[in-house]
Amino acid sequence: MPNILLRDQDVPNIGTYEVYVQHGGYEGLRKALSMSPKEVIAVVKDSNLRGRGGAGFSTGMKWSFVPDVDGPKYVVVNADESEPGTFKDRQILEKNTQQLIEGALICAYAIQASTIYVYVRGEFWDIGFQLEREIEKARAAGWIGQNIGGSNWSCEMYVHWGAGAYICGEESAMLNSIEGKLGQPRVRPPFPAVSGLYGRPTVINNVETLANVPPIIVNGAAWYKSIGTEKSPGPKIFCMSGHIAKPGNYELPLGKTFRELIELAGGVRGGKKLKAILPSGASGPLLPGTDKVLDTPLTYEDVAALGSTLGSASVIILDEDTDMVWATLKMIKFFRHESCGKCTPCREGTYWLEQRLKAIYERRATRADVELIESVAKQMQGKSLCALGDFATSPVLSALKYWRDEFYAYVEPVKTTVRAPARKAVPVAMAGD
Amino acid sequence: MLKDKYAEQITKIFAKYPDKRSAIMPLLYLAQEHYGYVSPEGINEVAELCEIDPTQVKSIAGFYTMYRETPKGKYWLQVCTDLPCALVGADKFYHDLLDYLGIQDGDTTPDGLFTVEHVMCLAACDRAPMLQCNFRYVENLDMEKMKALIEQWRAEAAAEAQASSD
């Protein structure tokens, strides 16, 4: 089956306007403009497209929450891809640029938005300029600006560069960042659909989500639902990294198993045995590499039933030699650095988790510290304004759930019967230590 | 002055947003380009352009990692050492690079050419080890490639110094 999202793998230079229009580009927007905005929303709702940024919320439903009011409305494209293990949006931005622009324009038409901002992470510096050039081509062709496609709808599209902050991928923090404020989350309600950017109705969608929209409009909701499973329809990009033979992006219909995905990416690197999987980067709980997990279909509901999350489908593979205490500390260092500092449980919790985990890793701790990090993580849950405060607890709690003995082995090396993973006498220090 | 050097760009930036405050981030990038870092003068100029207190601008500059609050080396190398990169040797690569240049974590070489820092995920996990050099990605690295790059950059800098003294 040809790729629907990673079309650059089938058609060279599909990301440029010239090639894109030769391969059916802008048929989706043309068709959308012949429909009423409400009809466009109905098709997307019926397709059951679910947000690809991680939350998996119905995209059509999100659009339908925008009130029919006069005055400016906004679409914000979340291109602040920063989750460790995620690099799918980057490939769309770089190589299937026009499909993203068209998807964002269809969304903007559906909610009758006046401006689209693409929030590109600052590190995607050149990609942002390339996106601007493609936006200009779409503008020259009449798809952006005044009276688009001869309709009475007008819309602008701009790129806004972030500057290095994971938290700005959180939608309300992203809005603050565009407004020139600190990138910290907002209290909700009000939700962005009602009061978002500059206090106006706003839809925030992930890059991959919007890239799904043009083919849905062209081919219809029934076509889309024929791909994937009933509750998780459509194609999905899986980012494969870590101990995998062929790292990279793979597009598959939702519903294939972890086993099929790992085989597609060449299996575990060096023929090693699989120890653990992070299905959605550092934010989703770790899963052990058991047959039960390997045979689980990659859908939102099936991965959730295992106690983890499909999230953005950034799959990090950990082989049999991986030290789980080390891996957990690595992830906690990330969350401690990226906590924006607004909510005390997250700010202080990530700090203390790092402190005590570091003590465990350096064999300066006791068994009580293992219990302590578990207690701290549990107390952080559900107590912050955004999901980062909860994400930060998942590496700790899931590692303790499946590999608790490895933590004990660090604090009681003599008594344990569990063999700590093979380590060099002087392990490689973590950067910054 | 930013407003003279970048007049056209500044007008374009303000046209993008309904509120002047939104221009703080893009203007800080201009200040950084002009002064080499977000200097106190740069902060004040951005504040004046956005009609806002300099303290507010400084808080934004401090919140994000891509604004340098101190001058850095000519080549600002930021190595990703997050979990996916670390699983394929990014920590070792980072320390080898520091050793090769004879500096510590976050330091600049005495000749002012290289600053080396470790950073969080750069969304290039499938091409690790990797780094960002002055906002450009360099991927699929090892120390052999790195040494060749360093030589190339040294030569580049020497040629530029030569050209400017001629």
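**Sheet in chain B**

I looked up the sheet of chain B and found 4 strands in the order 2-1-3-4, forming an open sheet with mixed pairing; strands here are DSSP E runs of at least two residues, and helices H or I runs of at least four, numbered from the N terminus, while pairing requires at least two DSSP bridges between two strands. Strand 2 (114-119) and strand 4 (136-138) of chain B each have a single partner strand and stand at the edges, so one side of each has no neighbour in the sheet. I noted that the model is predicted, with local features needing pLDDT of at least 70 and side-chain atom pairs counting only at pLDDT 80 or more, whereas totals for chains, interfaces and linings use all residues. Residues are numbered from 1 along each chain as its sequence is written, chains are lettered from A and ligands numbered from 1 in the order written, and side-chain values use heavy atoms, without hydrogens and water.

Strand 3 (residues 131-133) of chain B pairs with strand 4 of chain B in the antiparallel sense over 3 bridges, and there I found L131(B) opposite V138(B).

**Hairpin in chain A**

I then turned to strand 5 (residues 235-242) and strand 6 of chain A, which pair in the antiparallel sense over 6 bridges and form a hairpin with 5 residues between them. M240(A) stands opposite G248(A) of strand 6. Strand 6 (residues 248-253) of chain A is largely enclosed by the rest of the structure, because 5 of its 6 residues are buried (under 20% relative accessible area, with a 1.4 Å probe and protein chains only; exposed is over 50%, partly exposed in between).

**Helix 4 in chain A**

Lastly I checked M61(A), which lies in helix 4 (residues 59-64) of chain A and counts as partly exposed at 33% relative accessibility.
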